[in-house]
Amino acid sequence: MSSNRFPPSPRRTATRRRASYAAALALGLSLTAAGLTGCSTASRPPAAAGPAVSTSASAPTPGVDSRERLTVGGGTREYLMHRPAAEGGGPRPLLIAFHGRGADAEQLRRQSALDKAAEARGILLVYPEALGKGWGAGTAATAQRPDPDADVRFTEALIAELVRTGRADPHRVYVAGFSNGGSMALRMAAQRPDLVAGAASVSGELPTGAAAVKPTGPVPVLIVYGAQDPVRPLAGLPTPGPAAPGEEPITATMSARAGAEAFAAAGGAGGPAEEGGPGYDRVTWPAGPAGAEVQLLVMHGAGHTWPGSTMPPPAGFGTVSTALDASKTLLDFLAAKKR
């Protein structure tokens, strides 16, 4: 994880607020990574017909990272963009990568090294910034997040702007993320199968209960999960405890496998085929008539971490698997998909 410091959990005493970033983030995520709040499941119009959008930055230099701003819904949001250096005509495949709760775009960029993997495949890569360092990945409004639809609308508007300006191919739009960001990616795939050509989640699960998110159509999905995740268990969190004062309520989540099964059922995928591998187990629901394959990779002994990352995780997050490179794996899975 990053060495940058983030605001500590409200539960910390004055003495603990002076503790290291790793300890503060470990506590904060163990309490709030489950708080996956978000928007309604009502269908939305195509992104091209979304909210009015304006950008305040010039076109990025090829092969160079840029920070851009987007005005949507009366507010301004920021995102990092990496445009591949290789020249090529026409719009590019687009990957939107959502960071985890308590983190930011730059941290996910360093944690995942997605830039390098995307560059090799000619993919336009965007890391949006969350409001309050957390995504509304479920469907229930809270006192801290009264508009549960805001992040879905932001993502729709961001895609619409990149398509409108000729940078992104509307038929090859992918979403991915880590932890709370992985749940946000699953939410976009579940609610906007007409917009997203594929999704990948690392350490993120679908919420249940009042904040439930249910897949509504065929989307290829890859879920990568640590078998020993201590923050958001592989088996889900059906009965979460109370949140700290001032924090968003902790929502219940289904297991990683139940989420994969929900996407497989919505997409008409075939029955699961299971196989063991060196360092991980793979379950595959083969694509049905709609072409929406679903995969679940369970990393042996791994925690709430990004497999293949060279960035040490905070204390208490568990082990980083080296059995595969999650960035290359998810891009290999997504790159061939087209809507």
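1. Start with the second largest pocket, at about 170 Å³ (a pocket being an open set of points on a 1 Å grid over the protein atoms alone, where a 1.4 Å probe fits, with protein on both sides within 12 Å along at least five of seven lines; lining residues have an atom within 4 Å of a point; the volume is the space filled by probe spheres set on the points, which are joined across faces, edges and corners). Its lining has 11 residues, and Val72, Gly73, Arg77, Ala150 and Arg153 sit closest to the centre. Strand S3 (75–82) and helix H4 (150–164) each put in at least two (DSSP runs numbered from the N terminus: helices H or I, at least four residues; strands E, at least two).

2. Bear in mind that this is a predicted model, with local features needing pLDDT of at least 70 and side-chain atom pairs 80 or more, while totals for chains, interfaces and linings use all residues. Numbering runs from 1 along each chain as its sequence is written, and side-chain values use heavy atoms, leaving out hydrogens and water.

3. Arg153 also pairs with Asp147 in a salt bridge, 2.5 Å from N to O (side-chain nitrogen of Lys or Arg within 4 Å of a carboxyl oxygen of Asp or Glu). Asp147 is partly exposed at 33% relative accessible area, as is Arg153 at 28% (buried is under 20%, exposed over 50%, partly exposed in between; 1.4 Å probe, protein chains only).

4. Helix H4 also holds Glu156, whereas Arg192 lies in the loop between helix H5 (180–191) and strand S7 (198–202), so this pair ties together parts 36 residues apart in sequence.
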